Amino acid sequence: MTRPNSLLGWHFAAPSLPLAALAALALAACSGKEQAGGPPPNQAMPVTVITAQPGQAPIFVEAVGQTEGAKEVEVRAQVGGLLMKRFYQEGAAVKAGQSMFEIDRAPLEAALANARAAVTQAQARVDQAEREYNRLKGLVAEDAASRKDFDDATSESQLAHAALEAARAQAKTAELNLGYASVTAPVSGISGRAQKTEGNLITIADSLLTTVVQTDPIKVRFALSDLDAAAIPGGQFNARKVTSVGIVLPNGTTYAQKGALDFAATQIDPKLGTRELRAAFPNPNIEVLPGQFVKVRLEVGTRDGVFRVPQGVVIQSDQGFVVMTVGEGDKVAPRPVQVGPWEGKDWIITGGLKAGDRVIVDNLIKLRPGMPVKPMPPGAAPDGGSASAPAADAKKQG
């Protein structure tokens, strides 16, 4: 891999060939014209050219990032007991509220029945205490009972009511525990490997059963260094000026969905000298999985006065990057250029070309400096030939 003279990241460069080697190959091609089909001596070789026109190109800052789920939740049992069943397939998508495990219900049902019986018992004591209170209340009013007996009845009634509330709370807890026997997915996402199998005894101290990762949206964590920030127009990163965020997947393809920054650290990591950032991307088809390493591309502005040429036109020589142009007298004139990033099938040229330059897009291996050529517009096939792939690409751009 080679880093072009660009502020915009790493790119694969064209094959590197010295200019001398290019000239030697061209001479060999010309000497063997009968076999290679080259033009006769002193006859101009037909070549396809495109006219360089300046335009705009986005400015990108690139960084390596790692994906993570929007939520990564541990699924834990809230009650102890014997694990009876597993209802989900490991690694499959689950919906929020979907049942994933079931813990033995029998002990929990028994505990609920006992708690409800305690409520009934407490209610009976309340009724008895209230009857005693009401009876003594009337007798005290007639001075037929002692004040102490009435006070004791009052306290007993209050204690009975408190015991009833406690019994009802215990019954509610037992009811909740019975509901917890069914362990459900807390969020929608991708399920993890089961940490416990059927027949294991689950305790509160060791209650982790599995995990669920929410993958839509998917998030990407990455960081920018001071050097990356210096390459941005103005020399400083501003999250509000990022117009788009994209990622390139590990297989080299560009992810179709665009994302947005949802976190930017307010300080620089003193150990790494980087600023942590995070972006969120829609992921409805689960094309991106948590834990993948991806290339993050932040569009931070635009650059004027740049040129686009097909990628195959740019040659990397021992002296740098070169494109072949048609010079005075329709002769080959190599032109050193400064390159930026790739954009689709084009290579952005940031320096070395000017408006109106005629860039040769085919037969490059047969050319040598000063060789006469016959410029032809894109799509026009030479006699007995057909338009080359770069020419066809150039025509699409035109």
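Predicted model: local features only at pLDDT ≥ 70, side-chain atom pairs only at ≥ 80, totals over all residues.
Analyst: Local features need pLDDT of at least 70 and side-chain atom pairs count only at pLDDT 80 or more, while totals for chains, interfaces and linings use all residues. Residues are numbered from 1 along each chain as its sequence is written, and side-chain values use heavy atoms, with hydrogens and water left out.

User: Is Glu-74 buried, exposed or partly exposed, and why?

Analyst: Glu-74 counts as partly exposed because its relative accessibility is 46%, where buried means under 20% relative accessible area, exposed over 50% and partly exposed in between, with a 1.4 Å probe and protein chains only.

User: Which parts of the chain does the pair of Asp-262 and Lys-219 link?

Analyst: Their side chains meet in a salt bridge at 3.0 Å, N to O, and the pair links distant parts of the chain, with Asp-262 in strand 11 (residues 260–264) and Lys-219 in strand 9, 43 residues apart. Helices (H or I, at least four residues) and strands (E, at least two) are DSSP runs, numbered from the N terminus. Lys-219 counts as buried because its relative accessibility is 16%, whereas Asp-262 is partly exposed at 35%.

User: Switching to helix 3, what should its 36 residues span?

Analyst: Helix 3 (residues 106–141) should span 52 Å at 1.5 Å a residue, and its end C-alpha atoms are 53 Å apart, which agrees; the expected span is 1.5 Å times one less than the number of residues.

User: And which residues of helix 3 are buried?

Analyst: Among them are Leu-108, Leu-112, Ala-115 and Val-119, and what covers the buried residues of helix 3 includes helix 4 (147–179).

User: Which residues touch the most other members of the largest nonpolar core?

Analyst: Met-100 and Phe-101 do, in a core of 30 residues, a nonpolar core being a set of buried Ala, Val, Leu, Ile, Met, Phe, Trp, Tyr and Cys residues joined through side-chain atoms within 4.5 Å. Strand 5 (99–103), helix 3, helix 4 and strand 9 (208–225) each give two or more residues to this core, and helix 3 gives the most, with 7 residues. Apart from this core lies another, of 22 residues, including Ile-59 and Phe-237.

Notes. Contact = heavy atoms within 4.5 Å. Salt bridge = Lys/Arg side-chain N within 4 Å of Asp/Glu carboxyl O.
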